[in-house]
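Open the model in your viewer and keep the selection panel at hand. The tour goes stop by stop: select, look, move on.

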Amino acid sequence: MRPRPSLPEQARHEAVARLIGLGLYHEAQSLLSIDEPVDAELGMLSSLLAGDPQAAAKFLGRRMMAQNARAGEVDLVRGCIALVSGHDENLAGTEQVLVQMKARSQDWAAFAVSAAPHDLHAAARAAAMVTEQTGPAVLAVLAAARAVGGDAQGAQKLLEAGENGVGDDPRRKTVELLKTHGYDVAVQALEAARFQRHSFAQSMTRRYGAWRRRRDERDLQCRCATTPVWAGESSRYYVNWHLELLESLSPEPDETAWRILFCARSGVRYLDRSSIPVSVRIGAFTGSLETWLPSAT
């Protein structure tokens, strides 16, 4: 396994949060270390959203060793790990822990995704409490619940709003959930809603909008100060021509290696991996540029 890139804690966690919001859960995991107690909370979340109970258990163990878990957190994560592993015997008990603790958005998200294959309604209740960007895993729960409730159009709008061209496909996850619970009629209604919203007029409108977005991306006027994420193939023109390579974070650079790009005009830095069309902001220079350049010695 490739070692975690050496970045300041705040920069790594900022990047992890943005990658989770895009649905790039495994990429987020790659920036965290099981050996670092400060990484445990985000590690548990990204692992559960990625459907990786083994990694979640390791991060939980580190959290417990550091003795800094929040009240109810250990029982909640243990319950979520069991659910992701296919054991739903204590689903109601885990939900009760969640309700009784001072739950954060990430707690609701972890339970929603973990419980969804077993109890879609319980998962939907939790997903409705999520206030932070957690990517397609939670979005799929919300869309599936709307489709089951007879609002296929609303589910379709949710899925369209969540499309970003990277990360897991929220539509595929939604259909998988519906089929898991035997809601074949809801799947058909969702496909019909998709077809209706892809009428000729709407298709032409979307194509024109896509053309304008591609045109705007080719405008190299600096927009880094107000853009936390450059995502999708259409963003690569701007990234490749406007941003400059500051440092590769791997001794053997390749397509899977993380690197730092920077904007010479605004001083904003982005964490980037050439194998995926995503660059996430990790802050701006606080000193002279020379202090961030690799040493020549």
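What is the handedness of the crossing of α5 and α7? It is left-handed. A crossing gets that label if the near helix is turned anticlockwise from the far one by less than a right angle, and is right-handed if clockwise. The contact is made by L76, C80, L83 and V84 on the α5 side and by D107, A110, F111, S114 and A115 on the α7 side.

Before going on, note the ground rules. This is a predicted model, in which local features need pLDDT of at least 70 and side-chain atom pairs count only at pLDDT 80 or more, while totals for chains, interfaces and linings use all residues. Residues are numbered from 1 along each chain as its sequence is written, and side-chain values use heavy atoms, with hydrogens and water left out.

**Whole chain**

Show everything as cartoon. The chain has 14 helices and five strands. These are DSSP runs, numbered from the N terminus: helices are H or I with at least four residues, strands are E with at least two. Of its 297 residues, 46% count as buried. Buried means under 20% relative accessible area, exposed means over 50%, and partly exposed lies in between (1.4 Å probe, protein chains only). Among contacts in the chain with a separation of 6 or more, 54% join residues 24 or more positions apart. A contact means heavy atoms within 4.5 Å.

**Stop 1: α5 and its neighbours**

Select residues 73–84. This is helix α5, with twelve residues. From first C-alpha to last it reaches 16 Å, close to the 16 Å expected at 1.5 Å a residue. That expected span is 1.5 Å times one less than the number of residues.

Colour the buried positions: E73, V74, L76, V77, G79, C80, I81 and L83. They pack against α3 (40–49), α4 (53–66), α6 (91–100) and α7 (105–115).

Now bring α7 back. The axes of α5 and α7 come within 8 Å and cross at roughly 25°. That makes α5 roughly parallel to α7. Axes are lines fitted to C-alpha atoms, for helices over the stretch in contact, and angles run from 0 to 180 degrees between N-to-C directions. Angles under 35 degrees count as roughly parallel, over 145 as roughly antiparallel, 65 to 115 as roughly perpendicular and the rest as oblique.

Just after the helix, G86 takes a positive phi of about 100°. In the loop between α4 and α5 sits Q67. Its phi is near 55°, a positive value in a residue other than glycine. Q67 is exposed, at 74% relative accessible area.

**Stop 2: α3**

Select residues 40–49. How many of the ten residues of α3 are buried? Ten of ten are, and the helix is mostly covered. Its buried residues pack against α1 (9–22), α2 (25–29), α4, α5, α7 and α9 (136–148). Step just past the helix to G51, where phi is positive at about 75°.

From α1, H13, V16 and I20 meet L42, L45, S46 and L49 of α3.

Zoom in on H13. It is buried, at 17% relative accessible area. Leaving out residues up to four places away in sequence, H13 touches L32, V38, D39 and L42.

**Stop 3: α8 on α9**

Select residues 120–127, helix α8, together with α9. They pack at an angle of about 120°, axes 9 Å apart. That makes α8 oblique to α9. The crossing is left-handed. Show side chains for L120, H121, A123, A124 and A127 in α8, which meet V138, V141, L142, A144, A145 and V148 in α9.

**Stop 4: an aromatic pair**

A search of the whole structure finds two aromatic pairs. One is Y237 with W241: tilted, 6.2 Å centre to centre, 40° between the planes. Rings of Phe, Tyr and Trp (its six-membered ring) pair if their centres lie within 6.5 Å; planes under 30 degrees apart count as stacked, over 60 as edge-to-face and the rest as tilted.

Why are Y237 and W241 separated by about one helical turn? Because they are four residues apart in helix α14 (residues 236–242). Y237 is partly exposed at 28% relative accessible area, while W241 counts as exposed at 61%.
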